[in-house]
Amino acid sequence: MTPPPSPPRAWAEIDLSALRDNFRAARNAAGCELMAVVKAGAYGHGLEEVARTLAAEEVAFFGVANVGEARRIADAGVGTRIYLLGATWAEERAEIVGRDWTPCISSLDEARHFDRLAADAGRRLKVHLAVDTGMGRGGFVAEGLPERMQALEALPNLEIEGIGSHLPSADEDEEFTRAQFARFAEILKALGGPERFRWRHLSNSAGLLGYDRETCNLARPGLMLYGISPLPGHPLRPVNVMSLKSRVTLVRTLPAGHGVSYGRAFVTTRETRVATVGIGYGDGYPRHVSGHGAEVFIRGRRFPLIGRVTMDQIMIDVTDSEVAEGDEVELFGAHVRVDEVAAKAGTIAWEVLTGITPRVVRIHR
Ligand SMILES: *Cc1c(COP(=O)(O)O)cnc(C)c1O
């Protein structure tokens, strides 16, 4: 006899129509074409499902972190062009050429290697030039770039189709970011004018929302597609996409003076109804929210987390409520925003979303 299926303790509901709406809103706000950034399993939302949904929209590229992610998109039967956002290993490059994915180039050595591999494959590979206008993570620095560009253009099997750079502080330093846009425009001018490049891109979500992008014709949003605005004051409010959920597994009444969870960092000050919920940091619910006033949503209202987050369970003060075993609990979603949870954990929404572990079943709607 096969045992009955064990229902998941924690799951993430992912609203693919909200994702589509956010993509369309991003496109309208950008006024140009988009590279949908789907690295890290589409920020934890499920790479294949997200790629299939957005491929039905007019997405120019999918931006991924590595060849493994590129493979998953291509193998899901999605024909949209794939762009590798970071540097590639030498061992990966033959496959990149073979599958016609688009790398960004940060050095002449990389470019020469791709050129040789493209010659071997008998094709011309489209690549984008990465330039470092302030991020300090990759790309050519502006100094000496025109000479390097000449060397790159001399490589017969590469087509330098695009140019991109990245914004380190579009959500916190407007002056620096404006200067970066200006620097990018100057670089384009020095390299023969914007028309020299079919694709010119600089903006992430915050750049797309907060700045004029005169010289660019492609933007690379990630976060806002998944329903979070990087600029909380901005009028465009993306729709929530992921809801992290679990259930109440136990409800008990503890007397005053009773410790709750590891370290006994919380001690009841009155008789307290305590709900135990089947989720913890082993699911990616951040342990660092402990003691910082985190709340969850049950039966139409918020309740406070008490005591530390454990690996598989958390405790909620549900005194003076009808909360019962089996009730659904929203850890974050439409009612408790993921950026609120992230702030209480002392981190950013990107980290919370990508930290949701494989144990959490993803349910796409
Ligand atoms: C991750 C990433 C993005 C997307 O950034 P968001 O802030 O999530 O919109 C864009 N460009 C590059 C190069 C990235 O690495």
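The points below cover the domains, their interface and the ligand site.

1. Please keep in mind that this is a predicted model. The chain is split into domain 1, residues 31-226, and domain 2, residues 242-364. Taken over C-alpha atoms, the centres of the two domains are 39 Å apart. Eight residues from domain 1 and seven residues from domain 2 make up the contact.

2. How much area is buried between domain 1 and domain 2? The value is about 750 Å², with carbon and sulfur atoms giving 69% of that area. On the domain 1 side, Y43, H45 and L223 supply 58% of the area buried against domain 2, more than any other three residues.

3. Two residue pairs are in polar contact between the domains, both at pLDDT 80 or more. Helix α2 (residues 39-44) gives the largest share of the domain 1 side that touches domain 2, namely three residues. By class, that side of domain 1 holds three nonpolar, three polar and two charged residues.

4. The ligand has 13 residues around it, and K39, Y43, S205, G222 and L223 come nearest. Y43 and L223 also belong to the trio named above for the area that domain 1 buries against domain 2.

5. Which atoms of K39 and G222 lie by ligand oxygen? For K39, a polar side-chain atom is 2.7 Å from an oxygen atom of the ligand. For G222, a backbone N or O atom is 2.8 Å from a ligand oxygen atom. R220 places a side-chain N or O atom 2.9 Å from a nitrogen atom of the ligand.

Terms used
Residues numbered from 1 in each chain as written. Predicted model: local features only at pLDDT ≥ 70, side-chain atom pairs only at ≥ 80, totals over all residues. Heavy atoms only, no water. Domains from an automatic or database assignment. Contact = heavy atoms within 4.5 Å. Buried area = accessible area lost by both parts, 1.4 Å probe. Polar contact = N/O pair within 3.5 Å; in protein donor to acceptor, adjacent residues only side chain to side chain. Helix = DSSP H or I, 4+ residues; strand = E, 2+ residues; numbered from the N terminus. Nonpolar A, V, L, I, M, F, W, Y, C, P; charged D, E, K, R; others polar. Near = heavy atom within 4 Å.
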